[in-house]
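Trainee: Can you walk me through this one? I'd like to know how the pieces sit together.

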Amino acid sequence: LIYNPSGFFSFLSLGEAKNLPTYPGPNKMRDCYCTVNLDQEEVFRTKIVEKSLCPFYGEDFYCEIPRTFRHLSFYIFDRDVFRRDSIIGKVAIQKEDLQKYHNRDTWFQLQHVDADSEVQGKVHLELRLSEVITDTGVVCHKLATRVLECQGLPIVNGQCDPYATVTLAGPSRQVLHIQSEAKKTKVKKKTNNPHFDEVFYFEVTRPSSYNKKSHFDIEDVDEVDKMEIRVDLWNASNLKFGDEFLGELRLPLKFLRQSSSYEAWYFLQPRDNGNKSLKPDDLGSLRLNVVYTEDHVFSSDYYSPLRDLLLKSADVEPVSASAAHILGEVCREKQEAAIPLVRLFLHYGRIVPFISAIANAEVKRTQDPNTIFRGNSLTSKCIDETMKLAGMHYLQVTLKPIIDEICQVHKPCEIDPVKLKDGENLENNRENLRQYVDRIFTVITKSGVSCPTVMCDIFFSLRESAAKRFQGEGLFLIGDLDVRYTAVSSFIFLRFFAPAILSPNLFQLTPHHPDPQTSRTLTLISKTIQTLGSLSKSKSANFKESYMATFYDYFNEQKYADAVKNFLDLISSSGRRDHKSIEQPILLKEGAQGRKRFGMKNFKKRWFRLTNHEFTYQKSKGDHPLCSIPIENILAVERLEEESFKMKNMFQVIQPERRVLYIQANNCVEAKDWIDILTKVSQCNKKRLTVYHPSAYLNGHWLCCKATADNTPGCTPCTGGLPANIQLDIDGDRETERIYSLFNLYMPKLEKMQEACGSKSVYDGPEEEEYSTFIIDDPKETYKTLKLIIEGVATLEQEHAQYKRDKFKKTKYGSQEHPIGDKSFQTYIRQQSEISAHSI
């Protein structure tokens, strides 16, 4: 049932095309890609599949749709190196028809693309039909057409300079106003939401005695019913082909006989010019799987019961009896549940305990450490989604500069001898590829201090769960591998960095798919980085291709493994820790610096050492620590202005009870490194400061703000480790509504799971096959949660039904929200009318 939503969600799976028409040349093959469009606006583009008439794409696209639309369209393009890419055909699905194809593979015939049929947008008109009495007493009819504004017009070739023409036509489409065949508004520059507010007048009827040749004579007032007013929208183009058609509207005047004035919004329509399109079979077909949902979001208090039930999932014992885990059990795909769950828990700051709980439960069920986190479980999908949301900026600062260079420079990097192009040298290509891999590997392994805190906390939890699970069974080491490293590397390398390198457009690193040559280079880099991150000693054996095994010999040095381990140590260190849970502290950084504690004369050279437990300094390396600061006691780490002690490269470590350790680094780079890493490891401390003093307290006052009390709160905001608070970008109520919709959709499975709980509670024998798909560790607790879920869903379902009834009474057809021509709203009205009639 389609009604006014607050959220549109679409998940698209672009499968493949087949039987595309041959290229009219000797080769006959095409280089094709597919775009996804909301009306005329492109929102996604696939990779280019070269030299094929049956291209396979196999790409998924998930998006929240920020506006209303009429068609979800898919265009197949043939790439042309020298001219504009040509359109082969399209599939256009009307919004009201999307539910017909919901979540199932469907083959669609490609349709011919006619420029006159490619329209979008709506127009706001006011029509007024007036009777005018002449001096001789004869009644004439005049029509005033007011073109107020348009919204959502398409942007053509990067610009939109729209104008409207207005024409009055008779029964046989003859133009009545011969003097100016089409009256025209002013052109509005650089806008697809133009405001015109211009009025045009037409004389509809005249007495036969009126002899002016420029007017069409109509004596019979009934002829008015057969006339129509036509409004055409155009884009003023400087191209030699003339202005582009944007859409039209044809309105019969007969509806004005009932009311002399009428104002409404209308959807623009395609022009019916009688052109015959090609047969659909001539253009081939496209396989799609579309999942489309619309949600109306209520105010926050409506969702309190269901939201509270979800948010306490991390505290439920066992976690398999929690509402969030149950959602993952009943959804058809784990990804379907993971997306709204992760966003909800991120919004309320509960993502780390939730993922820690489900990861710990999964690790306990894992028998072989070699398979840890390898499946598409709810845990792995939730971590994937968290990394995408929280790690987007991290990828931008880490990978984007090098990815941009690779896309622009186009160095040859093909190392497969079979695929070498004429004139390419294999050794040169290997060297080019080796340099790229080295650079990307270096920026990744040096980026630990930039890794978002929420990711570090999750990695710390994974590391600890894996260690506790397998250490007691003597399986702590897998061959020569530490399971604590593989638990983290399987996500950060295999599921984060490698996919981002392979498909940078999916991680917002590039606007579109790279060209085929660049895509091949990125594939080779991604394979190598993934293998480097795996820490496997027999790495060459990991490659099926002999040329990759040969290339990897460049990286069979211990320094690469050490760099990976140091990186994994840093990103899996967390401020939220139990010191006794880690046997050996992880060394993060050490070095000789100056330090200041009491007076001007107390600056002395000291050896500083930072682990994930504490920050210490000693007289010399290896000596007993003179001072130890637990990580949880670091409240802020900030630069110190030079005026304080007339010394450069100073920074301060602020502790409880206003104790401050002033440190001078050897140079500006060292100072930044220490500030970054100290900030990183202390960022989760609960008592972390929000303001600080950038200068010292000397001679009875703070040098920065001149305050005299030494306990005066800071005068400058502390610098944050993360560039933005991702909690602010998520609507928790909308995510809860999405989860409600999923529970409602899979209600039969919830009821089946209730039956499974009852069966397990009273019968300990072999499990029935239909119940075996559910993970139920505690039937009684799970049953209680299921009962609360079903009650919460039923309550929200009643609220939605009432909302739709109220909306049906209030909504006006022809409003800006529901313009005339909105077929989805017409369907909704018809359904509501049927429901009302049935109720009566």
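This is a predicted model: local features need pLDDT of at least 70, side-chain atom pairs count only at pLDDT 80 or more; totals for chains, interfaces and linings use all residues.

Mentor: We will go through some strands, sheets and helices in turn.

Trainee: Is strand S2 buried or exposed?

Mentor: Seven of the seven residues of S2, residues 32–38, are buried, so the strand is largely enclosed by the rest of the structure. Buried means under 20% relative accessible area, exposed means over 50%, and partly exposed is in between (1.4 Å probe, protein chains only).

Trainee: Which way do the S2 residues point?

Mentor: Cys32, Cys34, Val36 and Leu38 point one way, while Tyr33, Thr35 and Asn37 point the other way, and all are buried. In a regular strand the side chains alternate between the two faces of the sheet.

Trainee: Which strands sit beside S2?

Mentor: S2 pairs with S5 (residues 71–78) in the antiparallel sense over seven bridges, and asparagine 37 has serine 73 of S5 as its bridge partner. S2 also runs antiparallel to S3 (residues 41–45), joined by four bridges. There, leucine 38 has glutamate 41 as its bridge partner. Two strands count as paired if DSSP finds at least two bridges between them.

Trainee: Moving on. In what order do the strands of the sheet with S8 come?

Mentor: That open sheet has four strands in the order S12-S9-S8-S15, with antiparallel pairing. S12 (195–203) and S15 (261–267) stand at the edges with a single partner strand each, so one side of each is left without a neighbour in the sheet. Neighbouring strands are turned by 20° against each other on average, direction ignored.

Trainee: How many bridges join S8 and S15?

Mentor: Seven, in the antiparallel sense, with S8 covering residues 122–133. Glutamate 126 has glutamate 263 in S15 as its bridge partner.

Trainee: And the sheet with S10, what order is that?

Mentor: It is an open sheet of four strands in the order S11-S10-S13-S14, paired antiparallel. The edges are S11 (183–184) and S14 (244–252), each with a single partner strand, so one side of each has no neighbour in the sheet. S10 (residues 162–169) pairs with S11 over two bridges, and valine 166 stands opposite lysine 183.

Trainee: Now helices. Why is H2 called largely enclosed?

Mentor: Eight of the eight residues of H2, residues 323–330, are buried, so the helix is largely enclosed by the rest of the structure. Among them are His325 and Glu329.

Trainee: How do H2 and H3 cross?

Mentor: Their axes come within 7 Å and cross at roughly 155°, with H3 covering residues 334–347. That makes H2 roughly antiparallel to H3. Angles under 35 degrees count as roughly parallel, over 145 as roughly antiparallel, 65 to 115 as roughly perpendicular and the rest as oblique. Axes are lines fitted to C-alpha atoms, for helices over the stretch in contact, and angles run from 0 to 180 degrees between N-to-C directions.

Trainee: Which residues meet there?

Mentor: Ala324, Leu327, Gly328 and Glu329 in H2 meet Lys334, Ala337, Leu341 and Phe345 in H3. Contact means heavy atoms within 4.5 Å.

Trainee: What about H15 and H17, at what angle do they cross?

Mentor: The axes of H15 (residues 732–745) and H17 (residues 779–810) cross at roughly 105° and come within 10 Å. That makes H15 roughly perpendicular to H17. Glu737, Tyr740, Phe743 and Asn744 of H15 make the contact with Ile789, Val793, Leu796, Glu797 and His800 of H17.

Trainee: Last one: where does phenylalanine 645 lie?

Mentor: Phenylalanine 645 is in the loop between S23 (636–639) and S24 (650–654). At 6% relative accessibility, phenylalanine 645 counts as buried. Phenylalanine 645 and serine 695 are 50 residues apart in sequence and 9.1 Å apart in space, C-alpha to C-alpha.

Methods:
Residues are numbered from 1 along each chain as its sequence is written. Side-chain values use heavy atoms; hydrogens and water are left out.
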